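This briefing is meant to be read beside the sequence and the coordinates.

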Amino acid sequence: MAVLLGSFTFQQISAEVTDATSLAGTSAWEVITSNGDLAGAGQDVGESLWRSAVSAVQQAFATLVVFTFAYHFLSLAVMSRTPGQALTALCVVRRGGAGRPGQGRVAVRAAVTTLVDVGWYALACCLLAGGEIVLSVLCWVVAIFFFAFNAGLALLGSRRSLADRLAGVTVTGTWRVRAALARIGEAARWGR
């Protein structure tokens, strides 16, 4: 999705910059209304193009964040797992294995996962594109901290990520080796 959004945003910005008819019309209007300040008219056209490009980039990052949240929320609400978790035989359940998590827990897990995975980074990039360098660097520091903190939680102790802990859920394997071996043994006996 990020690649598609990046490509679309690049095409959108390129089309605006290379659209000679629109650019000529905008430039002509700026020159006509400039009262002879041609440098100011040129600057206004350039700033208009820049604001448009920044807006396109910020919209793409916002779309990525919304898509990431929707992907996690819908996957967990419908299947109790993302497609990636399904491929690795994992499932999200309430803490203690008490069944499927409710929509509230799923929303919390999706929100925290989205924030840690792409949210802080997207905000940092939007701030950077908007010229807010100090806030952007601060967001990058926060993003790296939360990413490392989340990874540490997932790798150590109870092996539950920050999202799992805040949502009151856990990720468990759905593949049971003993049950699978028993079924294979049973099938082999039936085949004799």
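H72 lies in helix 3, where helices are DSSP runs of H or I with at least four residues, strands are runs of E with at least two, and both are numbered from the N terminus. H72 counts as buried because its relative accessibility is 11%, given that buried means under 20% relative accessible area, exposed over 50% and partly exposed in between, with a 1.4 Å probe and protein chains only. Leaving aside residues up to four places away in sequence, H72 touches T82, A110, T113, T114 and D117, a contact being heavy atoms within 4.5 Å.

The model is predicted, so local features need pLDDT of at least 70 and side-chain atom pairs count only at pLDDT 80 or more, whereas totals for chains, interfaces and linings use all residues. Residues are numbered from 1 along each chain as its sequence is written, and side-chain values use heavy atoms, with hydrogens and water left out.

**Overall architecture**

- The protein chain has eight helices and two strands, and read along the sequence these follow the pattern α-α-α-α-β-α-α-α-β-α.
- Of the 192 residues in the protein chain, 29% are buried, and of the contacts in the chain with a separation of 6 or more, 57% are accounted for by residues 24 or more positions apart.
- The protein chain exposes about 12100 Å², of which carbon and sulfur atoms supply 68%; accessible areas come from the Shrake-Rupley method with a 1.4 Å probe, and for residues only the protein chains shown count as cover.

**Nonpolar cores**

- The largest nonpolar core has seven residues, namely F73, L76, V92, V106, A110, A167 and V169, and helix 3 and helix 5 (103-129) each supply at least two residues of this core.
- A nonpolar core is defined here as a set of buried Ala, Val, Leu, Ile, Met, Phe, Trp, Tyr and Cys residues joined through side-chain atoms within 4.5 Å.
- A second, separate core has five residues, among them V112, L153, L162 and A163.
- V106, a member of the largest core, touches F73, L76, A77 and P101 when residues up to four places away in sequence are not counted.
- As general background, nonpolar side chains in soluble globular proteins tend to be buried together.

**The salt bridge**

- The count comes to one salt bridge, under the rule that a side-chain nitrogen of Lys or Arg lies within 4 Å of a carboxyl oxygen of Asp or Glu.
- D164 forms a salt bridge with R109, and their closest N and O atoms are 2.6 Å apart.
- Because D164 lies in helix 7 (residues 162-167) and R109 in helix 5, the pair ties together parts that are 55 residues apart in sequence.
- Both D164 and R109 are buried.

**Aromatic pairs and a surface patch**

- The count comes to six aromatic pairs, where rings of Phe, Tyr and Trp (its six-membered ring) pair if their centres lie within 6.5 Å, and planes under 30 degrees apart count as stacked, over 60 as edge-to-face and the rest as tilted.
- F67 and Y71 form a stacked aromatic pair, with 6.5 Å from centre to centre and 20° between the planes.
- Both F67 and Y71 lie in helix 3, four residues apart, which is about one turn of the helix.
- F67 counts as partly exposed because its relative accessibility is 36%, and Y71 is likewise partly exposed, with a relative accessible area of 31%.
- M1, L4, F67 and Y71 form a nonpolar patch on the surface, with about 380 Å² of accessible area together.
- Patches are made of residues with over 30% relative accessible area and no salt bridge, joining like charges within 9 Å and nonpolar side chains (Val, Leu, Ile, Met, Phe, Trp, Tyr) within 5 Å.
- W120, F145, F146 and F149 form one aromatic cluster.

**Loops and local geometry**

- S80 lies in the loop between helix 3 and helix 4 (83-87), is buried with a relative accessible area of 4%, and has a phi near 65°, a positive value in a residue other than glycine.
- A89, placed in the loop between helix 4 and strand 1 (90-94), also has a positive phi, near 60°, and is a residue other than glycine.
- A151 is in helix 6 (residues 133-155) and is partly exposed, with a relative accessible area of 27%.
- The C-alpha atoms of A151 and L162 are separated by 8.6 Å, the two residues being eleven residues apart along the chain.
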